[in-house]
Amino acid sequence: MKIIIIGAGQVGATLAENLSSEDNDITVIDTDLVRLRELQDRLDIQTVEGSGAHPDVLKQAGCNDADMLIAVSNQDETNMVACQVAHTLFKTPTKIGRVRSSAYSHYPELFNDQALPMDVRISPEKEVTKHLSRLIRYPGALQVMEFADGKVQLVVVKAEKGGPLIDQPISFLKEHMPSIQTRIAAIYRDGQSISPDGNTHIRANDEVFFLTAQRDVLDVMSELRPLDTPYRRIIIAGGGNIGERLAHSLEKEYRVKIIERDLERCRYLSENLDNTIVLNGDSSKQELLLEENIESTDVFCALTNNDEANIMSSMLAKVLGVRTVMTIINNPAYVDIVQEGMIDIAISPQQTTISSLLSYIRRGDVVNVHSMRKGAAEALEAVAHGDHRSSKVVGRSIANLNLPEGTTIGAIVREDDLIIATSELVIQAEDHVIIFVTNKKLIPAVEQLFQVGLTFF
């Protein structure tokens with residue numbers, strides 16, 4: 001596809017890197033010439049200097065025959081105007097925009113072809129909040145991804161001694177839990193992917209990806225590691241958009257406190273949150289954390305816009321005895337470093353946002369995409385359409401599909417039923433197929449499998 005990306009920041013640059021490696025024709029627009037040159041030096045893309053909201057800049061970028069415009073600049077207004085111009089002047093088929101301000105989210109009627117023609121709105125704050133909420137609800141999980149409207153979860157955990165499945169073959173799981181539908185989709189051992197089968201033994205420190213129904217997540221986790229006690233007390237450092245959203249989503253079930261430095265923002269939070277304690281102060285101050293009983297706190301979430309402040313306050317909280325630390329880190333160079341230390345889970349808003357974008361970019365009817373391992377692997381939910389003549393998957397058993405090496409079909413959702421994949425399982429029309437791909441270079445081949453031939457029409 002020919003795709004124009006507006007914004008060469010962290011999200012735009014990472015998206016350009018992901019998409020250019022899949023043989024798409026990518027053009028990036030930004031006002032910062034230095035950033036554009038850096039991107040062009042390392043990626044096979046075109047760049048245009050200027051404002052993405054200006055018609056002449058969009059024309060220079062080739063918007064007149066582009067398949068898609070993705071506006072992810074730091075300015076909501078630039079993104080919205082860019083979509084408007086692309087729609088009105090260039091008839092661009094698909095327009096995706098990042099809208100961060102919650103002031104716009106209260107008025108969804110703004111976003112239609114008669115007003116602001118944005119086909120898809122992406123909110124990084126909303127995506128990060130959902131990601132954090134799922135991690136808090138499943139203590140010990142490294143990542144929790146939803147498919148089929150939440151019916152199926154793909155969960156990542158680190159296997160630990162004490163779990164019944166440690167040093168046992170995967171086939172032992174079915175014997176031990178015969179009534180639970182689950183499938184181990186992938187294992188990473190010492191950073192290397194392993195394609196698991198029934199004879200594969202789980203080892204301590206393996207990174208295990210498993211699929212199961214939402215109600216069975218904790219039961220399956222208990223096979224791989226001793227279960228952590230549920231979280232109850234949460235401290236959020238930073239009362240910005242993400243901190244506010246997270247507190248709002250958790251305050252009915254958990255005891256939540258927010259630490260915010262800006263007094264006016266504290267007043268706003270105290271007026272708009274019902275059951276959250278709002279504290280005015282600096283989360284990197286030891287005295288304040290001790291006063292708020294950090295040693296008996298279950299989760300410390302560092303959610304400010306400053307990576308260094310997040311890292312330092314998280315490390316302090318861990319030293320003072322908090323059970324689990326979750327930290328937002330925008331600079332990808334920091335993520336690997338801090339996760340080897342005292343920070344339990346480092347969250348990249350860029351990768352979370354890109355996951356939500358990819359479902360609109362993938363060919364075939366792909367309704368859900370989750371990017372994993374810094375974009376190296378993906379889990380997709382694709383809907384099978386057509387019949388045995390027009391489709392490469394419908395009416396065929398999984399064993400007879402021409403799946404690329406390193407690709408695993410983990411499960412199928414048929415209407416409301418979760419069916420764990422076996423080699424004999426035959427895919428039917430309208431099945432939601434959940435696929436795990438360990439190498440993103442294989443994505444185009446997977447997409448082609450789920451594209452319907454002309455005979456379907």
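Author: Before we start: contact here means heavy atoms within 4.5 Å. Also, keep in mind that this is a predicted model.

Reader: Thanks! Then what does Ala 148 touch, leaving out residues up to four places away in sequence?

Author: Ala 148 touches Asn 368, Glu 381 and Val 413.

Reader: Nice. And where is Ala 148 placed?

Author: You'll find Ala 148 in a loop, with strand E7 (141-147) on one side and strand E8 (152-158) on the other.

Reader: Is Ala 148 buried or exposed?

Author: Buried: the cut-off is under 20% relative accessible area, and Ala 148 counts as buried because its relative accessibility is 7%.

Reader: What about the phi of Ala 148?

Author: That phi is positive, about 50°, although Ala 148 is not a glycine. For background, most residues other than glycine have a negative phi.

Reader: Tell me about Ala 13, then. Which helix is it in?

Author: Ala 13 belongs to helix H1, which covers residues 10-20. With a relative accessible area of 11%, Ala 13 is buried.

Reader: Which residues does Ala 13 touch, again not counting those up to four places away?

Author: Gly 7, Ala 8, Leu 39, Arg 42 and Leu 43.

Reader: Changing topic: which residues does the "RCK N-terminal" domain cover in UniProt?

Author: The UniProt annotation, from an unreviewed entry, gives residues 1-124 and 231-347. Over residues 1-124, the chain is 38% helix and 22% strand, and the end C-alpha atoms are 24 Å apart.

Reader: And where does UniProt place the "RCK C-terminal" domain?

Author: At residues 142-227 and 367-452, also from an unreviewed entry. The span 142-227 is 16% helix and 36% strand, and its end C-alpha atoms lie 13 Å apart.

Reader: Let's zoom out. How many helices and strands does the chain have?

Author: There are 15 helices and 22 strands.

Reader: What is the radius of gyration of the chain?

Author: It is 23 Å, which agrees with the value near 23 Å for a compact globule of 457 residues. Along the principal axes, the C-alpha trace spans about 70 × 60 × 40 Å.

Reader: How much of the chain is buried?

Author: Buried residues make up 54% of the 457 residues. The accessible surface of the chain is about 20700 Å², and carbon and sulfur atoms hold 46% of that.

Reader: Last one: how many positive and negative side chains are there?

Author: The chain has 45 positive and 64 negative side chains, and the centres of the two sets are 1 Å apart.

Terms used:
Residues are numbered from 1 along each chain as its sequence is written. This is a predicted model: local features need pLDDT of at least 70, side-chain atom pairs count only at pLDDT 80 or more; totals for chains, interfaces and linings use all residues. Side-chain values use heavy atoms; hydrogens and water are left out. UniProt positions are given in the numbering used here, feature names are shortened, and annotations may be inferred rather than shown by experiment. Helices (H or I, at least four residues) and strands (E, at least two) are DSSP runs, numbered from the N terminus. The radius of gyration is taken over C-alpha atoms; the globule rule is 2.2 Å times the number of residues to the power 0.38. Buried means under 20% relative accessible area, exposed over 50%, partly exposed in between (1.4 Å probe, protein chains only). Accessible areas come from the Shrake-Rupley method with a 1.4 Å probe; for residues, only the protein chains shown count as cover. Lys and Arg count as positive and Asp and Glu as negative; His and the chain ends are not counted. The place of a charge is taken as NZ of Lys, CZ of Arg, CG of Asp or CD of Glu.
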